[in-house]
Amino acid sequence: MPFDLDPSLLVILIVFGFLAAFIDSVVGGGGLIALPVLLFTGLSPAAAVATNKLAGTIGSLTSTIMFYRSGKLDIKSVYKLFPLTFIGSMIGAWTVDLMNPAVLKPLMLVMLAVVAIYTIFKKDWGSVATNKKLSMRHLVIFMILIFAIGFYDGFIGPGTGSFLIFSFLMVGFDFLKAAGNAKFLNFGSNIAALMMFMFLGHVNYVYGISMGIAQIVGAICGSKFAIARGSGYVRALFIVVTFLLLAKNTYDYLH
């Protein structure tokens, strides 16, 4: 692994790391930007995914802190869910070495399409918080869903932010708090997958830290912008990023 960076490559990692974190800090989907850049540097697909987890962990931690400080992260409601995404993601990352992640891609494409279409037609959904205490049955279903999304993030990844936000919208959070809660759980899934990828020896630390430092700035700017603009802005960005994820991954699947 090289410990020196070509200046032009460093600029690319910083610029696109910032852009990835700006988007990812609000609704996820930063991998749409970061992964192609890491592949462009010559990393193998496995190393690119693992290195993106290092940068993404730094960015998601920054976003989590920003949302918490603004009061848009309901920590009392979500801290008990953190182990679910953490353990699920670690199992998912370990499973990558056992089977091809492509087996989940058709299901992921269908889920992204459902999320995008449902959000478009539910125009007032997420504009105002309507969350209330879940019944035991609904709570169990919700916890299983959160665990499954954590597994998915470690195993394949794209769309995790969208799926987490959608899950919190389903139980009555508004878009802004759903984004804050999702980012906290996404940090859990990111760091768990990162730990597994570090154990497996796939992480390029030079590229990951370089991009991660840029992601700190991008996450701060993106979080501040979203908090200032409110739920309407988050909803619009959520729909755009979900459709971009759907288009990009459909193209990759078909080719």
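## The largest cavity

The residues lining the largest cavity comprise 5 nonpolar, 3 polar and 2 charged. In this classification, Ala, Val, Leu, Ile, Met, Phe, Trp, Tyr, Cys and Pro count as nonpolar, Asp, Glu, Lys and Arg as charged, and the others, Gly among them, as polar. The lining is made up of Asp 24, Val 26, Val 27, Gly 28, Gly 161, Ile 165, Ala 179, Ala 182, Lys 183 and Asn 186. This is a predicted model, in which local features need pLDDT of at least 70 and side-chain atom pairs count only at pLDDT 80 or more, while totals for chains, interfaces and linings use all residues. Residues are numbered from 1 along each chain as its sequence is written, and side-chain values use heavy atoms, with hydrogens and water left out.

The structure holds 1 cavity of 30 Å³ or more, and the space in the largest cavity is about 30 Å³. On a 1 Å grid over the protein atoms alone, a cavity is a set of points where a 1.4 Å probe fits but cannot get out, whereas a pocket is an open set with protein on both sides within 12 Å along at least five of seven lines; lining residues have an atom within 4 Å of a point. Grid points are joined across faces, edges and corners, and a volume is the space filled by probe spheres set on the points. Helices α1, α8 and α9 each supply at least two residues of the cavity lining, and α9 provides the largest share, 4 residues. Helices (H or I, at least four residues) are DSSP runs, numbered from the N terminus.

## The largest pocket

The largest pocket holds about 950 Å³ of space. It is lined by 42 residues, of which Leu 35, Val 49, Ile 156, Gly 157 and Pro 158 are the closest to its centre. By class, the lining has 19 nonpolar, 17 polar and 6 charged residues.

At least two lining residues come from each of α1 (7-27), α2 (31-40), α3 (45-69), α7 (136-155), α8 (160-170), α9 (175-200) and α11 (231-254). Helix α3 gives the most, with 7 residues.

## Helices α7 and α8

Two packed helices are described by the angle between their axes and the distance between the axes. Axes are lines fitted to C-alpha atoms, for helices over the stretch in contact, and angles run from 0 to 180 degrees between N-to-C directions. For α7 and α8, the angle is about 175° and the axes are 10 Å apart. The two helices are therefore roughly antiparallel; angles under 35 degrees count as roughly parallel, over 145 as roughly antiparallel, 65 to 115 as roughly perpendicular and the rest as oblique.

Contact means heavy atoms within 4.5 Å. On the α7 side, the contact includes Phe 142, Leu 145 and Ile 146, and on the α8 side it includes Thr 160, Phe 163 and Leu 164. The contact has 8 nonpolar, 2 polar and 1 charged residues.

## Helices α3 and α10

Helix α3 packs with α10 (residues 205-229) at an angle of about 30°, and their axes are 7 Å apart. The angle makes α3 roughly parallel to α10. Their contact has 13 nonpolar, 9 polar and 1 charged residues.

## Helices α6 and α11

The axes of α6 (residues 105-121) and α11 come within 9 Å and cross at roughly 155°, which makes α6 roughly antiparallel to α11. Their contact divides into 14 nonpolar, 4 polar and 3 charged residues.
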